[in-house]
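Hello,

Here is the structure I promised to pass on to you. My notes follow below it.

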Amino acid sequence: TRISTVELRRVRLPLVHEFQTSSHAKRSLEHILVTLTATDGAVGWGEIASPSGPFYSAETVATCWSIARDHLAPIVLATDWDHPADLARALAKVRGNQFARAGFDMAAWSLWTAGQGVPLAKGLGGVRTEVEAGVSLGIEPTIDDLLAQVAPRVDEGYRRIKLKIAPGWDVEPVRAVRSAYPSVPLHVDANGAYTPADLPVMKELDSLGLLMIEQPYGPRALADLADLQHRLTTPVCLDESIEELDDLVTALRLGSGRILNIKVSRMGGLTPAVRAHDVAVEHGVPVWCGGMHEFGIGRAANVALSALPGFTLPSDVSGSDKYYARDVTTEPIVSAGGLVAVPTAYGLGRDPDLPFVESTATDRLIMP
Ligand code: OSB
Ligand code: MG
């Protein structure tokens with residue numbers, strides 16, 4: 001395959017409800033849609049789901065745009081490839097910048113699986129026809145506000161509720177949700193906001209019957225995370241710590257966590273995400289698919305990835321309606337009773353709503 005045109009579009013969508021994590025709050029999100037067109041006319045779409053600011057990882061929408069334009073698009077336009085993994089290898093010459101690379105890798109997988117006449121999930125090695133969905137709920141001004149966010153999601157049948165926590169917003173809100181919903185699977189995500197000095201808080205969280213504690217310490221704190229895991233009964237789940245396969249190897253050797261959140265964006269695409277899945281399965285580590293509030297393109301890729309056999313915990317693949325009143329695809333991803341159907345059409349299984357994408361695009365670039 002040879003790509004003859006790369007198109008980039010910055011698209012901004014308003015969030016239906018403000019989302020706050022330990023690091024920042026957001027009301028709308030701007031992602032970059034990547035369109036690859038091959039010399040034979042085949043087209044593939046991908047999504048660069050980077051946050052605007054460098055608070056989750058070092059990347060921003062602006063760094064993704066410049067890396068995509070100046071480094072990734074030129075590599076894609078100069079590479080002949082038979083399989084998306086070939087292109088991923090060429091893109092991996094660029095260090096870091098996983099979100100930016102992920103958009104191109106995803107587009108290559110969309111294009112390639114459509115050409116092979118298989119759904120993306122099948123092409124990746126997926127075995128499920130539907131996947132279990134959980135929701136991620138942000139930090140709220142009050143506990144009542146949080147309970148008001150939890151109630152409709154439990155009613156909608158989501159299989160697991162994840163609560164964002166931060167120092168000052170942890171044991172109390174989690175205990176309140178736990179007592180309102182004693183049997184709902186619950187987990188917390190700190191986005192790296194704690195340090196080993198907070199061990200007493202971790203111990204209290206450990207007593208609340210949580211499925212896992214996601215990324216309690218900072219991304220590079222693999223040794224401290226291992227110490228913590230050895231002191232807790234609740235599994236530690238790694239998110240920000242695992243940007244590369246080598247990080248996973250280190251974490252497994254140290255025992256820094258017992259569960260892995262695999263994000264297509266954070267790992268640099270579907271190719272490394274599948275590899276991380278394979279390594280985790282080999283080591284008996286359960287995985288689930290994390291999200292970055294993806295629009296319909298990235299969301300469809302997350303659902304396809306979640307169909308792989310090692311994704312045994314509910315993934316952050318809520319229906320698109322949890323975040324957006326209108327999505328960039330003609331058909332949104334929907335959750336019914338906490339289950340999301342894996343698309344069966346060839347390729348990505350969701351088509352962009354082009355007029356809507358064009359009308360919401362804030363910047364556009366065609367190369368060469
Ligand atoms: O840590 O999982 C996270 C969103 C932005 C940045 C980091 C995270 C998240 C989420 C959202 O939790 C999950 C979703 O997309 O539904
Ligand atoms: Mg997380």
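**The ligand shell**

The shell around ligand 1 is made up of 6 polar, 3 charged and 2 nonpolar residues; in this count Ala, Val, Leu, Ile, Met, Phe, Trp, Tyr, Cys and Pro are nonpolar, Asp, Glu, Lys and Arg are charged, and the others, Gly among them, are polar. Its members are Y56, S136, D189, N191, D239, G290, G291, M292, H293, D316 and S318, where a residue belongs if its C-beta atom, placed from the backbone, lies within 6 Å of the ligand.

Please keep in mind that this is a predicted model, in which local features need pLDDT of at least 70 and side-chain atom pairs count only at pLDDT 80 or more, while totals for chains, interfaces and linings use all residues. Residues are numbered from 1 along each chain as its sequence is written, and chains are lettered from A and ligands numbered from 1 in the order in which they are written.

**The two domains**

The protein chain splits into domain 1 (3-118 + 353-362) and domain 2 (122-341), with bounds from an automatic or database domain assignment. Their C-alpha centres are 22 Å apart. Domain 1 puts 34 residues into the contact and domain 2 puts in 33, counting residues whose C-beta atoms, placed from the backbone, lie within 7 Å. On the side of domain 1 that touches domain 2, α3 gives the largest share, 9 residues (helices, H or I, of at least four residues and strands, E, of at least two are DSSP runs, numbered from the N terminus). That side divides into 20 nonpolar, 10 polar and 4 charged residues.

Best wishes

Methods. Two residues are in contact if their C-beta atoms, placed from the backbone, lie within 7 Å.
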